[in-house]
Amino acid sequence: MADGEWAGVPVLVVALGGNAITRTGDEPSVQAQFRRTRATVEHLVPLVAEHRWRVVLTHGNGPQVGNILLRSDIAAQAGELPSLPIDSAVADTQGAMGYMIQQCLSNALCEAGLRVPVVTVVTQVLVDDRDPAFEEPSKPIGRFYGDDELDPLRRRGWALRRDGQGRGWRRVVPSPEPYEIVEQDIVCQLLAAGAVVIACGGGGIPVVRTPDGALAGVEAVVDKDRASALLARQVGADTFAILTDVEHVEVDHGTPTAAPIESVDVPTLRSLHEAGQFAPGSMAPKVEAMLDFVSGGGRRAVVTDDVHLRDALEGRAGTALEAANAARAAGGR
């Protein structure tokens, strides 16, 4: 498509889950992550090729940021380097993982005969320094520690929580709500130029606005699905897709009465969430992100795995949450 012809093409934001880049049992190497990422982006090539969407990709960074912080800890304990702040570690993963996704997708598009630019934007996300999350750190990050390692960590001001499965202690950090994507205008300009954009990696780099209007990074992490939903709203996305390791969201997950949810409205999904149907730290943040997007003006949010993404966008797979007017227009699919 020529420049200027993308203006009327709807925006699709796809949040890649951690299993898109690494899975349990994979070899713990960068090369293995490239192979896994290449397999994932193959499912995105048809979406780009059809020119039906302007595509934004986001991604998680849990294992990768944990590895960066582990390297930082080892270097600090050896007296070689100072510890790396979390915001800098998130920025590092945005660059490295953005490069990996960007290269894998660019190569796949080229092999399909498509010349489409793929661009990574190192993305900052504004949070409120008065957010209650800063008083109650809750997001586990990094490795497990034994009882004999705790005193020096506490002297560094770390909040630590014992793991419920007996694996030791982990650092917990604040996970404040995101309220603005700093680089949203740049993302929109790149979309208007026909680029596939990778943004908000790892939930974005958490920053606060200082009294003089400057930005400053903070020791926190932002949930990547919530940040992705915010990005989708701010760039005017039509559809928001969250990729995970299952085809559907389920009620009564893990029990004999488990059943997939195929299509649902906002009141019903919110009621199920409030009833505790979705596991915290697993499916619950994805459901919250779906509700954020559609309640905030988005038309449709879907959750599925990478294999079923295209079918989910056509209403043949996955779990779909649609705005009331969209559901009526579709005949209440």
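## Helix 3 against helix 4

The axes of helix 3 (residues 62-77) and helix 4 come within 9 Å of each other, crossing at roughly 125° (axes are lines fitted to C-alpha atoms, for helices over the stretch in contact, and angles run from 0 to 180 degrees between N-to-C directions). That angle makes helix 3 oblique to helix 4 (under 35 degrees is roughly parallel, over 145 roughly antiparallel, 65 to 115 roughly perpendicular, and the rest oblique). From helix 3, the residues Gln64, Val65, Ile68 and Leu69 make the contact, and from helix 4 they are Ala89, Val90, Asp92, Thr93 and Met97 (contact means heavy atoms within 4.5 Å). By type, the residues of this contact are six nonpolar, two polar and one charged (Ala, Val, Leu, Ile, Met, Phe, Trp, Tyr, Cys and Pro count as nonpolar, Asp, Glu, Lys and Arg as charged, the others, Gly among them, as polar).

Please keep in mind that this is a predicted model, in which local features need pLDDT of at least 70 and side-chain atom pairs count only at pLDDT 80 or more, while totals for chains, interfaces and linings use all residues. Residues are numbered from 1 along each chain as its sequence is written, and side-chain values use heavy atoms, with hydrogens and water left out.

## Helix 4 and its other helix partner

Helix 4 itself covers residues 86-111 (helices, H or I with at least four residues, and strands, E with at least two, are DSSP runs numbered from the N terminus). Its 26 residues reach 37 Å from the first C-alpha to the last, close to the 38 Å expected (1.5 Å times one less than the number of residues). After helix 4 comes Gly113, with a positive phi near 80°.

Helix 1 (residues 30-41) packs against helix 4 too, at an angle of about 50° and with the axes 9 Å apart. Helix 1 is therefore oblique to helix 4, and the crossing is right-handed. On the helix 1 side you will find Gln33, Phe34, Thr37, Arg38 and Val41. They meet Tyr99, Met100, Ile101, Gln103, Cys104, Leu105, Asn107, Ala108 and Glu111 of helix 4. Eight residues of this contact are nonpolar, four polar and two charged.

Now for an open sheet of four strands, ordered 8-4-10-11 with mixed pairing (two strands pair if DSSP finds at least two bridges between them). Strand 8 (178-181) and strand 11 (215-217) are at the edges with a single partner strand each, so one side of each has no neighbour in the sheet. On average, neighbouring strands here are turned by 45° against each other, direction ignored.

Strand 10 (residues 205-209) runs antiparallel to strand 11, and three bridges join the two. Val208 stands opposite Ala216 in strand 11. Helix 4 packs on this sheet, touching strand 10 and strand 11, and its direction makes about 130° with that of strand 10.

Thr244 stands opposite Asp305 in strand 16.

Elsewhere, strand 6 (residues 159-162) and strand 7 (residues 169-173) run antiparallel, joined by four bridges. Here Arg161 stands opposite Arg170 in strand 7. The two strands form a hairpin with six residues between them, and Gly166 in the turn has a positive phi of about 75°.

## Helix 8 and helix 9

Helix 8 (residues 266-274) and helix 9 (residues 284-295) pack at about 150°, their axes 11 Å apart. The two helices are therefore roughly antiparallel, and their crossing is left-handed. Val266, Leu269, Arg270 and His273 of helix 8 meet Ala284, Val287, Glu288, Met290, Leu291, Val294 and Ser295 of helix 9. This contact counts seven nonpolar, two polar and two charged residues.

Note on methods. A crossing is left-handed if the near helix is turned anticlockwise from the far one by less than a right angle, and right-handed if clockwise.
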